[in-house]
Each structure stands twice: as structure tokens, then as C-alpha cells.
Amino acid sequence: MAISLSTNLLPNTFQCNGNHNHRSTRLFPNQALSFGLKHRRNENKLFTPRNPPVLSAVSGSTGLESSAVSEDTVDLLDTVTVFDLNGNGIPISDLWKDRKAVVAFARHFGCVFCRKRADYLASKKDVMDKSGAALVLIGPGSIEQAKTFAEQTKFKGEVYADPSHSSYNALRFVSGVTTTFTPKAGLKIIQLYMEGYRQDWKLSFEEDTVKRGGWQQGGILVAGPGKTNILYIHKDKEAGDDPDIEDILKACCS
């Protein structure tokens, strides 16, 4: 049954997508490895430890299979370039090469959910600072869009743009209408509007976003120090799928 309120008020944002009432899967070191071995048939190439294990925990998404970060993914990330607000290109893995970092991946820079996620994480920045963990947000879009997002949200962390969406492809974040139009997402957007959050429709309909239809989903990564040292990953199963903040803090600050 479609949610008529969200459909009418917020075109291009929500519609029903069936039942997604499943539990997220969280794996820790030994569990993650055994899980990956169990699902070998479903992976083209499982992660094989090269240095220290690249994964301590995976937060799985409903409708997505959780598995250890593959060696292919680590190699692909090493080729990804993101851009800071001054237009400087930076290899994405440099963001956690010499430090620990909590890296949030936005759906797009106009997304109302991503504005909530920015606040959600920034509310714990003091805890991250004490542990020496940087707070980073990456969005699939232009440098100008990233600047606008930073100005509008006053985000306390670092903001980077990924115009090519290459980090999203490397991490295999999901994208599609069926991951955007869900009952849970529809209810959450009503809640966010009641809390005072707003979608930036101008950013949402700029070319960089429209090319993907605004269907891209993101996630959250905790990594470093060390390029291959991925400690935790959460892949959003749908729009607005924020993980438990305590899981993130456990990965970055314990």
C-alpha cells in the first residue's frame, strides 16, 4: 500500500516497496571470516588477509548479503579519487592512511536523510575527537554541490565530492528505485520534516544527481590507520537506513 502523503508532497522521493522488516547482520573478526568462507559461492573473490585483517565488523543491510570486504574492493578503493572543497583531488584511502576515520557516504548532497546523518554523526564528534578519529562525509556530486552542502549544514567534519561515483561503485553500495521508495523511508521523511529538516530540491535536481535519478544509497565506513585497515562497514539497504551510533563508536573509539 503506497504512502500517499509522502508521494504527493515529495515527488521523486518515496513509494512503497514491500516488506523490508529484516534484521541487520553484524559480524566481528572471527565471525566475519567464517561467514565469508561459508558464502564463497556468492563472492567472485573473497578477501584474503594480506596485512592485518581489513575488516573487524560488517553491518549488513536488509536485502543485501553481508560479507567481508574483498581484496578487489580494497584494490579498487586505492584507485578512487575524491575532491575537497578547494578542488584538490585526494586518493580516498589517504583519508584513513595515517589516521582512523569515520566516513559517511551521502545519497546525494540535496538529500534530507543525509542532512540528518550529518547531524547524527556530528553529535558524537567530541567522542571521535578524543579517540583521534576524523569525521568525513562524501557525496556523489560536484565540488560546488559539496560546498553548498557544507555551507547549508555547517557540518563539523570534512566534506568531499565524488563526481564519478567511483567510491560508491567500489564499495558496491546499492542504487535503484526500489531501495528509495520504501514504506519505512516514507515514514522517516515525514518525521524528519516534523523535526525541521528539509530536502534541497535545487541540488536534488541538478544534472549530477538527476543522471542517477537520486536513487543512489550510501553507507558508513570506519577505517584506518592503514589503507587496507577497514574496521567496520554499513551498507544502507534503503534511504534513511542509519546504523546504530553505538556500533560506529565501538569501531572507531573503543
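**Burial, strand pairing and salt bridges in a predicted model**

Guide: K188 and D242 form a salt bridge, their closest N and O atoms lying 3.1 Å apart. K188 sits in helix α8 and D242 in the loop between β9 and α11 (245–253), so this pair links parts of the chain 54 residues apart. Helices (H or I, at least four residues) and strands (E, at least two) are DSSP runs numbered from the N terminus. The model is predicted: local features need pLDDT of at least 70, side-chain atom pairs count only at pLDDT 80 or more, and totals for chains, interfaces and linings use all residues. Residues are numbered from 1 along each chain as its sequence is written, and side-chain values use heavy atoms, with hydrogens and water left out.

Visitor: Why is the contact of K188 with D242 called a salt bridge?

Guide: The term requires a side-chain nitrogen of Lys or Arg within 4 Å of a carboxyl oxygen of Asp or Glu. K188 and D242 are at 3.1 Å, so the pair qualifies.

Visitor: What makes D242 partly exposed?

Guide: Buried means under 20% relative accessible area, exposed over 50%, and partly exposed in between (1.4 Å probe, protein chains only). D242 has 21% relative accessibility, so it counts as partly exposed.

Visitor: Why does T182 count as buried?

Guide: Its relative accessibility is 1%, so T182 falls in the buried class. T182 lies in the loop between α7 (166–170) and α8 (183–195).

Visitor: Why are β5 and β6 said to pair?

Guide: Pairing needs at least two bridges found by DSSP between two strands. β5 and β6 (residues 133–139) have 6 bridges in the parallel sense, so they pair. With β8 (residues 219–223), β5 pairs in the antiparallel sense over 5 bridges.
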